[in-house]
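Hello,

Here is the structure I promised to pass on to you. Have a look at it first, and then read my notes below.

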Amino acid sequence: MKKLLLVLFLILAFPLYAEAATYYVDASCGSSGNGTTASCGASGPWKTLAEASAAVTSANTISVESGTYAEVLTETHSGTNSSNYLYWVATGGTAIVSQIVISGNYVKIEGFSVRNTPWANNDGAFNISGD
């Protein structure tokens, strides 16, 4: 009985920690993989930001290679105060998109540049409605 109480105490006192996963996007790859590795190939990066946003539904890191992405970076999912969604551009480069639309909460965006947006007179280059 003491062992059972000790095990229960340890489980409650030290909750299991689930580390956030890192997924990859690289527009220069010839075709899309499943986003789980940075090298081009079947298990390599997604080719578009839209694929990453659709596939990743819990707070994780999405590592984006530098380059021009002829699309809108859109994120509707939410992270939490302690576990944010993070889109960041690898190797300190810049990823160029035409617009950023965030409607989820606890989403961090790092290393992106917004250029050539056709929405400058309507919705603007940034449309953020989450926290």
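**What I found**

Strand S8 covers residues 107-110, and four bridges join S5 to S8, the two running parallel. Strands here are DSSP runs of E with at least two residues, helices are runs of H or I with at least four, and both are numbered from the N terminus. Two strands count as paired if DSSP finds at least two bridges between them.

A word on the background: this is a predicted model, in which local features need pLDDT of at least 70 and side-chain atom pairs count only at pLDDT 80 or more, while totals for chains, interfaces and linings use all residues. Residues are numbered from 1 along each chain as its sequence is written, and side-chain values use heavy atoms, leaving out hydrogens and water.

Back to S5. Strand S2 (residues 61-64) is also joined to S5 by four bridges, again in parallel, and Ile62 has Tyr87 as its bridge partner in S5. Is S5 enclosed or open? Four of the five residues of S5 (residues 85-89) are buried, so the strand is largely enclosed by the rest of the structure. Buried means under 20% relative accessible area, exposed means over 50%, and partly exposed lies in between (1.4 Å probe, protein chains only).

There is also an open sheet of three strands in the order S3-S6-S9, paired in parallel. Its edge strands, S3 (67-68) and S9 (112-114), each pair on one side only. Two bridges link S3 to S6 (residues 95-97), with Gly67 opposite Ala95.

Next, the largest nonpolar core: 19 residues, with Val25, Leu49, Val64 and Phe112 having the most contacts inside it. S5 gives the most to this core, three residues. Such a core is a set of buried Ala, Val, Leu, Ile, Met, Phe, Trp, Tyr and Cys residues joined through side-chain atoms within 4.5 Å.

Finally, look at Ser53 in helix H2 (residues 49-55). Ser53 is buried, with a relative accessible area of 9%. Its side chain reaches the backbone oxygen of Thr74 at 2.9 Å.

Happy exploring!

Notes: Polar contact = N/O pair within 3.5 Å; in protein donor to acceptor, adjacent residues only side chain to side chain.
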